[in-house]
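This report looks at strand pairing and salt bridges. Start with the sequence and the model.

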Amino acid sequence: QVQLVESGGGLVQAGGSLRLSCAASGRTFNIKVMAWYRQAPGNQRELLATLTSGSGGNTNYADSVKGRFTISRDNTKNTVYLQMNSLKAEDTAVYYCSAITYTGPPYSYWGQGTQVTVSS
């Protein structure tokens, strides 16, 4: 089992920045991929960024956030971050982190989400 707790959301003006945190606990050694998603009202959940475990730490980003958002991790704290810069009103959503394990079939754990509101 893996538990995830997001924090860092809030209200920010357009053009501003926020950093979201996702603290993982439990069997974190089984995590192979960490990811950030968001979901705005009436929209499907959107994958924003992924970060693989291991020394390489490969990252991938959705086109909508590429160049503005950065996913990173601090292994000493079992925490993954999403640095969000140049925020736009359309970035307003609930942001979720997810951890994918492969001990058997792939399984995704989810945090409770954190609200990000960007005022224009």
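## Basis

Buried means under 20% relative accessible area, exposed means over 50%, and partly exposed lies in between. The model is predicted.

## Salt bridges

The structure holds four salt bridges. Arg 38 pairs with Glu 46, with the closest N and O atoms 2.9 Å apart. Arg 38 has a relative accessibility of 8%, so Arg 38 counts as buried. Glu 46, at 27%, is partly exposed.

Arg 38 also forms a salt bridge with Asp 91, where the closest N and O atoms are 2.8 Å apart. Arg 38 sits in strand 4 (residues 31–39), and Asp 91 in the loop between strand 8 (79–84) and strand 9, so the pair ties together parts 53 residues apart in sequence. Asp 91 is buried, because its relative accessibility is 0%. Shared partners join Arg 38, Glu 46, Arg 68 and Asp 91 into one network of salt bridges.

Asp 63 and Lys 66 form a salt bridge, with their closest N and O atoms 3.3 Å apart. Both Asp 63 and Lys 66 are exposed.

## Strand 11

Strand 11 spans residues 114–119. Its covered face carries Thr 114, Val 116 and Val 118. Gln 115, Thr 117 and Ser 119 make up the uncovered face. In a regular strand, side chains alternate between the two faces of the sheet.

Which strands pair with strand 11? Strand 2 (residues 10–13) pairs with strand 11 in the parallel sense, over four bridges. There, Leu 11 has Thr 117 as its bridge partner. Strand 9 (residues 93–101) runs antiparallel to strand 11, joined by three bridges. Ala 93 has Val 116 as its bridge partner in strand 11.

Key
Residues numbered from 1 in each chain as written. Predicted model: local features only at pLDDT ≥ 70, side-chain atom pairs only at ≥ 80, totals over all residues. Heavy atoms only, no water. Buried < 20%, exposed > 50% of the residue type's maximum accessible area, 1.4 Å probe, protein only. Helix = DSSP H or I, 4+ residues; strand = E, 2+ residues; numbered from the N terminus. Pairing = 2+ DSSP bridges. Salt bridge = Lys/Arg side-chain N within 4 Å of Asp/Glu carboxyl O.
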